[in-house]
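This note is written for a colleague who is meeting the structure for the first time. Please read it with the sequence and the model at hand.

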Amino acid sequence: MPELIDYADDPKALFATFALFPSGVAALSAVVDGEPVVLVASSFQVGISADPPLALVAVQHTSTSWPKLRRAPRIGVSVLGEAHDVAARQLASRAGDRFAGIETTTTATGAHFVHGAPAWLECSIHSQFPAGDHDVVLLQVHALGTEPDLEPLVWHASGFRALQPRATA
């Protein structure tokens, strides 16, 4: 077992350690006041509850997108695929037209989705509570769609990765 480091002795070790946990990447988006708003998160989790169906996302208090996005009656969650590595960076940027050249669809409820995603969930905010420098947001799932043959985009060690099948023996 490696030597454990006390967090107080090396706060940067926390981020380096957290970065070693692989996660999916999701774009949460809705049309608010006639404009699409997006937040890209690697903190999105599914399977929080089946009854009611809940997913979870953690949002930094410094987010400029979340205060707008949380006003939407429905939020589209696009679980990004391996082909979205460039699009994910563009959607997460703070400058320019974040949706330029990215195919999207908006539902009648205002939920906004990125094409080519392995999974889509149309959600509303179930509840939200503070957790340190983030807010934890529970999202209630109302509708969903899948493209199971598309591979997910994975965030690991502060970079995007694609899943590779294990070699067979």
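The points below take up the sheets, the salt bridges and the pockets in turn.

1. The structure is a predicted model. The remarks that follow should be read with that in mind.

2. The seven-stranded sheet. Seven strands make up an open sheet, and their order is E3-E2-E6-E9-E10-E5-E4, with antiparallel pairing. The edges are taken by strand E3 (35-41) and strand E4 (45-50); each has a single partner strand, so one side of each is left without a neighbour in the sheet. On average, neighbouring strands of this sheet are turned by 35 degrees against each other, direction ignored.

3. The pairing of E6 with E9. Within that order, strand E6 (residues 75-79) and strand E9 (residues 119-131) run antiparallel and are joined by five bridges. Gly76 has Glu122 in E9 as its bridge partner. Glu122 returns below as a member of a salt bridge.

4. The three-stranded sheet. A further open sheet has three strands in the order E1-E11-E12, again with antiparallel pairing. Its edge strands are E1 and E12, each of which pairs on one side only. Strand E1 (residues 23-24) is joined to strand E11 (residues 153-156) by two bridges, and Gly24 stands opposite Val154 in E11.

5. The hairpin. Four bridges link E11 to strand E12 (residues 159-162), and the two run antiparallel. Leu153 has Ala162 in E12 as its bridge partner. E11 and E12 form a hairpin with two residues between them, and Ala157 in the turn has a positive phi of about 55 degrees.

6. Salt bridges. How many salt bridges does a search of the whole structure find? The search finds two. In one of them, Arg71 is paired with Asp33, and the closest N and O atoms are 2.3 Å apart. Arg71 lies in the loop between helix H2 (66-69) and E6, and Asp33 in the loop between strand E2 (26-32) and E3, so the pair ties together parts that are 38 residues apart in sequence. Arg71 is partly exposed, at 49% relative accessible area, whereas Asp33 is exposed, at 67%.

7. The salt bridge of Glu122. Glu122 forms a salt bridge with Arg74, with 3.4 Å between the closest N and O atoms. Glu122 lies in strand E9 and Arg74 in the loop between H2 and E6, so this pair ties together parts that are 48 residues apart in sequence. Is Glu122 buried or exposed? Glu122 is buried, with a relative accessible area of 11%, while Arg74 counts as partly exposed at 23% relative accessibility.

8. The largest pocket. The largest pocket holds about 1,200 Å³ of space. It is lined by 31 residues, of which Ala41, Ser42, Ser43, Gln60 and His134 are the closest to its centre. Helix H1 (11-18), E3, strand E5 (53-60) and helix H3 (85-92) are the elements that give two or more residues to this lining. The largest share, four residues, comes from E3. By class, the lining has 16 nonpolar, eleven polar and four charged residues.

9. The second largest pocket. The volume of the second largest pocket is about 230 Å³. Of its 16 lining residues, Pro36, Val37, Val38, Lys68 and Arg98 are the closest to its centre. E3 gives the largest share of this lining, four residues. The classes here are six nonpolar, three polar and seven charged residues.

How values were computed: Residues numbered from 1 in each chain as written. Predicted model: local features only at pLDDT ≥ 70, side-chain atom pairs only at ≥ 80, totals over all residues. Heavy atoms only, no water. Pairing = 2+ DSSP bridges. Axes fitted to C-alpha atoms, helices over the stretch in contact; angles between N-to-C directions. 1 Å grid on protein atoms, 1.4 Å probe; cavity = no way out; pocket = protein on both sides within 12 Å on 5 of 7 lines; lining within 4 Å. Points joined across faces, edges and corners; volume = space filled by probe spheres on them. Nonpolar A, V, L, I, M, F, W, Y, C, P; charged D, E, K, R; others polar. Salt bridge = Lys/Arg side-chain N within 4 Å of Asp/Glu carboxyl O. Buried < 20%, exposed > 50% of the residue type's maximum accessible area, 1.4 Å probe, protein only.
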